[in-house]
Amino acid sequence: MRIVVDLNRCQGYAQCVFLAPRVFELHGEEALLYAPTPPADQAERVLRAAAACPVQAILVGEPAGAGAGADVR
């Protein structure tokens, strides 16, 4: 899992921090810090955090190349 937060869109509501504190951290009143590649055991929490974001600033996807066939001939 890979996440990207649109920091221009983020308004610091901190719902993500509440739902996935091991992945998201509010630094000061508005600066959001996050782990772009969270641990696998945090996947469900990250999905909930993304769904709860009032401004939909959290994008969740797979790392580049994930699921692609490694054996290319």
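A cavity is a set of grid points where a 1.4 Å probe fits but cannot get out. Keep that idea in mind as you look through these views of a predicted model.

Figure 1. Rolling a probe the size of a water molecule over the atoms shows where empty space is left. In this predicted model, searching the whole structure turns up one cavity of 30 Å³ or more. The largest cavity holds about 110 Å³ of space. Its lining is made of 14 residues, and those closest to the centre are C10, Y13, A14, C16 and C53. What kinds of residues form the lining of the largest cavity? Eleven are nonpolar, three are polar and none is charged.

**Figure 2. The overall fold, for finding your way around.** Two helices and four strands make up the protein chain. Now look at the contacts between residues at least 6 apart in sequence: 61% of them join residues at least 24 apart.

**Figure 3. The largest nonpolar core.** This core has 13 residues, and the members touching the most others are V5, C16, V23, F24, A49 and I58. Strand 1 (2–5) and helix 2 (43–52) each supply at least two residues of the core. Which element gives the most to this core? Helix 2 does, with three residues.

**Figure 4. A closer look at I58.** Setting aside residues up to four places away in sequence, I58 touches V4, V5, C16, F24, A49, A50 and C53.

**Figure 5. P36 in its loop.** You can find P36 in the loop between strand 3 (31–34) and helix 2. Is P36 buried, exposed or partly exposed? P36 counts as partly exposed because its relative accessibility is 34%, and that class lies between under 20% for buried and over 50% for exposed. Leaving aside neighbours within four places in sequence, P36 is in contact with M1, R2 and I3. P36 and P63 are 27 residues apart in sequence, and their C-alpha atoms are 9.8 Å apart in space.

**Figure 6. The surface of the chain.** The protein chain has an accessible surface of about 5,100 Å². Carbon and sulfur atoms account for 52% of that surface. Of the 73 residues in the chain, 21% count as buried.

Definitions and conventions. Residues numbered from 1 in each chain as written. Predicted model: local features only at pLDDT ≥ 70, side-chain atom pairs only at ≥ 80, totals over all residues. Heavy atoms only, no water. Core = buried A, V, L, I, M, F, W, Y, C linked by side-chain atoms within 4.5 Å. Buried < 20%, exposed > 50% of the residue type's maximum accessible area, 1.4 Å probe, protein only. Contact = heavy atoms within 4.5 Å. Areas by Shrake-Rupley, 256 points an atom, 1.4 Å probe, with all protein chains shown as cover. 1 Å grid on protein atoms, 1.4 Å probe; cavity = no way out; pocket = protein on both sides within 12 Å on 5 of 7 lines; lining within 4 Å. Points joined across faces, edges and corners; volume = space filled by probe spheres on them. Nonpolar A, V, L, I, M, F, W, Y, C, P; charged D, E, K, R; others polar.
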